[in-house]
Amino acid sequence: MTELVGKELVVVGNGMVGHRLVQAVRDRDTAGTWRITVLGEEPRPAYDRVALSSYVDGKSADDLTLPAVSDPLVQLHLGDAAVALDRDARVVRTASGAEFRYDALVLATGSVPFVPPVPGRDLPGCFVYRTLDDLDAIMAAAERAVAAPRPGRRSAVVVGGGLLGLEAARALRLLGLSPQVVEIAPRLMPMQVDEGGGAVLRRLVESEDLQVRCGVSVTSIAEDRGRLIATLSDGVELDADLVVFSAGIRPADGLAREAGLPLGERGGVLVNSACRSPDPHIWAVGEVAALEGRTYGLVAPGYAMAEVVADRLLGGEATMTPADLDTSTQLKMLGVDVASFGDALARTPGALEVVVNDPVAGSYAKLVVSDDAKTLLGGVLVGDASKYATLRPLVGSPLPADPVAMIAPGGVELGADALPDSAQVCSCNAITKGAICSAIADGAHDVPAIKACTRAGTSCGSCVPMLKKLLEQSGVEVSKALCEHFAVSRAELFEIIAGTGIRTFSELIAQYGRGRGCDICKPAVASILASLGTGHVLSGEQATLQDTNDHFLANLQRNGTYSVVPRIPGGEITPEGLITIGEVARDFGLYTKITGGQRIDMFGARVEQLPAIWRRLVDAGFESGHAYGKALRTVKSCVGTTWCRYGQQDSVGLAVALELRYRGLRAPHKVKAGVSGCARECAEARSKDFGVIATEKGWNLYVGGNGGFQPRHADLLASDVDTDALISLIDRFLMFYIRTADRLQRTAAWIEAMDGGLDHLRAVIVDDSLGICADLEAAMEAHVANYSDEWRGVLEDPEKLERFVSFVNAPDTPDPTISFVSERGQPVPVPLGLPGVRA
Amino acid sequence: MTAETIHTAGTVHDAPSDIRWETVCLLDRLLPERGAAALLAAGGEPVQVALFRMVDDTVHAIGNIDPFSGAAVLSRGIVGDRGGVPIVASPVYKQAFNLITGQCLDDPDVRVPVYPVRIADGWLQVGIP
């Protein structure tokens with residue numbers, strides 16, 4: 001053993017790249033060589049700064065937070081900036097005076113916004129666009145401006161028309177302001193887009209209601225009756241409620257500068273191709289690093305630097321490669337797509353440019369090729385960036401086709417086979433086509449599986465279309481067949497059953513399937529029949545299709561007993577109701593537990609006891625809670641305006657109404673819901689399939705959340721809607737889900753798998769793009785009208801009751817394998833021995 | 001239905017001489033394509049049997065205890081076929097069992113007992129060794 005005590009790694013900066021570095025070291029350092037301390041200036045854990053603008057769209061700080069590296073070897077020291085570096089003593093000191101000794105120091109401090117030295121730039125109302133705190137301040141100021149009692153439009157000036165400036169402008173427009181973008185260069189996005197592309201981009205941006213002024217700069221900012229006036233170099237004065245500076249960034253290299261480390265010509269900590277400074281203990285990664293003199297303001301090169309340093313810290317020999325320094329970008333704004341990749345501005349000597357410019361359609365495409373017209377060097381796409389995923393990985397490779405045909409409308413459609421194996425498909429995570437293809441060969445047969453095992457497509461997502469092409473090309477037959485008995489998907493089966501009027505499984509399988517069915521297709525068909533309102537789930541042949549939970553209308557537990565959950569709508573229950581449940585549990589010897597869905601679960605009921613238990617519950621006014629079904633479970637609520645000092649709407653009342661409306665609704669999977677009375681979100685509505693959160697003006701509707709194996713927050717579908725509109729939207733959402741989802745697909749996975757995702761869902765159920773909303777609502781009305789309690793249905797039917805026996809030849813004899821012991825005052829199952837039938 | 005239709009299910013218990021036929025219930029008591037449990041006794045020990053009536057009125061009988069969980073629940077599984085082999089899927093962890101041989105299709109080392117069944121004058125009888 002060489003070292004007993006771990007070495008100290010101090011990472012200064014907790015942005016995306018610093019975070020990636022920590023992850024990369026922990027992934028590689030299986031021996032636990034390095035103890036890692038992360039010093040962060042911002043008080044919050046690392047978040048996705050690339051997606052910063054989505055904060056304005058309703059994503060929360062939590063949504064943007066990167067997955068925590070929870071590890072005893074990693075310590076986060078946040079809200080305390082590193083202020084001094086003593087290289088001789090190998091110690092970093094923070095603003096609070098804390099000192100950290102290091103064996104290796106990685107500077108990942110990123111950059112700071114560049115604010116041009118304009119008089120008035122520090123006035124209240126002037127902001128930069130870099131951190132969540134900046135966005136909080138901008139949002140608060142925009143809200144104040146919008147609320148101010150004065151006539152006229154609210155406006156903002158954005159200084160800088162680069163990628164970040166356009167994002168800022170879009171965010172400001174979403175906040176209700178009219179943004180004016182001022183760019184000193186003669187075109188927008190001058191770093192990425194050439195003149196022709198800039199002109200098309202400008203027209204597209206202006207049609208999105210953003211004002212653009214290029215070739216001018218802001219010369220001063222002054223206060224004017226509570227607002228600001230920005231004077232431009234051409235003498236024009238713009239009045240504004242806010243000014244946002246997004247005129248570029250500068251490396252945050254102060255710590256290194258004061259410690260006497262050499263800097264790049266334009267700032268940044270000078271490092272070699274291994275990201276190491278001349279001080280062998282000090283490394284730099286991300287925007288603060290001047291890699292062989294050049295800084296990079298994008299996350300992908302930063303990630304590559306983090307991987308190189310992690311490798312080096314563990315004795316590796318990695319260096320940065322030209323492919324790691326890919327500066328391709330893709331900007332997605334409402335309706336405007338821009339992408340640039342490789343040598344977009346044709347700086348390579350002798351480079352040739354091929355341009356297809358269609359000002360009528362509003363698209364511009366350019367490829368930059370080598371002087372012999374054989375190798376693709378780069379390109380620019382404006383207006384239609386759909387070819388980005390195919391073209392970007394081809395940079396540096398021989399052209400697979402005539403370059404004009406590759407970008408012309410109706411030209412060559414490049415398949416995935418045009419790419420060499422070495423082509424980087426996911427530039428954010430440096431994943432090559434070869435790596436993805438081998439993952440597919442190893443059994444990753446859909447996009448989520450590829451994401452899980454390669455990380456490709458998990459950052460910006462622009463390569464997902466290429467992942468799909470690779471799947472297609474690899475010949476992975478993504479079978480839609482439900483099972484060996486039906487060659488169609490669940491959605492198609494739904495259409496067949498709805499369209500043909502077939503109402504029995506035997507007729508369906510005779511006409512549209514083969515064999516006798518199985519435990520996959522039978523419950524799926526049972527669920528479809530139930531969604532279509534074909535009577536009691538245990539009526540006639542339907543009884544044979546149900547799995548054991550639906551067959552006994554209770555949840556099978558490990559010892560062969562069942563649990564019973566009566567519906568408690570919205571979690572609201574009277575003292576009498578509680579007493580009834582208590583008495584039933586006591587009299588039948590049941591174990592009781594409060595569930596996460598605000599109701600009470602009674603465990604340990606034997607099959608033959610179920611009807612008697614239901615009889616007692618039904619007589620007291622309870623009904624089935626469908627805890628056993630792929631159906632609506634609960635609508636959880638907080639107490640809302642009724643009691644809560646902060647409540648904005650009656651969340652309990654709405655939750656009860658929703659639960660009663662959708663009770664008994666069978667779906668491809670369970671459906672959970674929640675209603676919160678204010679933004680504090682005590683009902684955890686955003687972890688539900690549909691969640692409703694009260695606002696001052698009405699309700700916000702979120703869809704596609706779930707807890708479970710892969711937790712996911714629901715996304716905002718509609719905001720500030722009134723109760724009637726809300727219910728229409730939920731009706732449509734649920735019915736569309738029931739009709740089109742796969743078997744056992746929760747709403748989150750359903751939306752993710754949908755072509756066009758949330759935008760498509762919104763188009764269908766908010767804008768009625770398919771013209772089916774009236775039909776969806778009518779289907780839900782039919783469900784509501786036809787609902788009846790399933791437990792009561794059994795109690796009232798002697799033929800169904802007959803099935804609730806332990807043994808056909810000894811109906812009341814308890815199953816002798818079931819026994820209980822007492823634990824913490826309640827009965828729990830005695831563990832069952834396995835019968836040892838293994839040969 | 002003929003009065004003395006005899007279904008021997010599988011080979012394991014084929015007509016051993018000391019077989020004892022126990023009458024369980026009328027065939028019509030069983031729902032087609034669905035299972036039911038019966039409580040019998042062998043050598044003084046309780047034996048749980050899962051009975052499955054198929055659409056053609058043949059009946060299969062296998063042990064009711066699910067070997068993967070120990071729970072007496074195989075009778076509550078969904079009946080169907082895999083590649084034409086009649087099966088029941090355990091309701092606990094979903095393994096499929098061949099209704100004719102008792103063989104688990106998902107784990108070749110696992111098998112549940114099978115019992116001969118016959119129908120006499122409408123009465124379902126199970127052969128217990």
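Trainee: Which residues have the most contacts inside the largest nonpolar core?
Mentor: This is a predicted model, in which local features need pLDDT of at least 70 and side-chain atom pairs count only at pLDDT 80 or more, while totals for chains, interfaces and linings use all residues. Residues are numbered from 1 along each chain as its sequence is written, and chains are lettered from A and ligands numbered from 1 in the order in which they are written. A nonpolar core is a set of buried Ala, Val, Leu, Ile, Met, Phe, Trp, Tyr and Cys residues joined through C-beta atoms within 7 Å, where buried means 20 or more other C-beta atoms within 10 Å of a residue's own, with C-beta atoms placed from the backbone (12 or fewer is exposed, and in between is partly exposed). The largest such core has 144 residues, and those with the most contacts inside it are A:Leu21, A:Val243, A:Val244 and A:Val285.

Trainee: Which helix gives the largest share of this core?
Mentor: Helices here are DSSP runs of H or I with at least four residues, and strands are runs of E with at least two, numbered from the N terminus. The largest share, 10 residues, comes from chain A, from residues 299-313, which form helix α7.

Trainee: In what order do the five strands of the open sheet in chain A stand?
Mentor: Two strands pair if DSSP finds at least two bridges between them, and β7 (residues 104-107) of chain A is joined to β19(A) by three bridges, with the two running parallel. Within this pair A:Leu105 stands opposite A:Ile282. The pairing in the open sheet of five strands is parallel, and the order is β3-β2-β1-β7-β19 (chain A).

Trainee: At about what angle does helix α1 of chain A run to β2(A)?
Mentor: Axes are lines fitted to C-alpha atoms, for helices over the stretch in contact (C-beta atoms, placed from the backbone, within 7 Å), and angles run from 0 to 180 degrees between N-to-C directions. Helix α1 (residues 16-28) lies across β1 (7-12), β2 (34-40), β3 and β7 of chain A, and its angle to β2(A) is about 170 degrees.

Trainee: Why are the buried residues of α18(A) on the same side of the helix?
Mentor: In helix α18 (residues 610-619) of chain A, A:Leu610, A:Ile613, A:Trp614 and A:Leu617 are buried. What covers them includes α16 (548-552), α17 (575-588) and β31 (600-605) of chain A. They are on the same side of α18(A) because, taking the directions from the helix axis to the C-beta atoms, they cover an arc of only 95 degrees.

Trainee: Is A:Arg490 buried or exposed?
Mentor: A:Arg490 lies in helix α13 (residues 490-500) of chain A, and, residues up to four places away in sequence not counted, touches A:Leu482, A:Ala524, A:Pro668, A:Asp742 and A:Arg743. The C-alpha atom of A:Arg490 is separated by 8.8 Å from that of A:Cys521, 31 residues apart along the chain. With 24 other C-beta atoms within 10 Å, A:Arg490 is buried.

Trainee: How many residues does the contact take from chain B?
Mentor: Chain B has zero helices and 11 strands, and buried residues make up 47% of its 129 residues. On the side of chain A that touches chain B there are 12 nonpolar residues, 12 polar and eight charged, counting Ala, Val, Leu, Ile, Met, Phe, Trp, Tyr, Cys and Pro as nonpolar, Asp, Glu, Lys and Arg as charged, and the others, Gly among them, as polar. The contact takes 32 residues from chain A, and from chain B 34 residues.

Key
Two residues are in contact if their C-beta atoms, placed from the backbone, lie within 7 Å.
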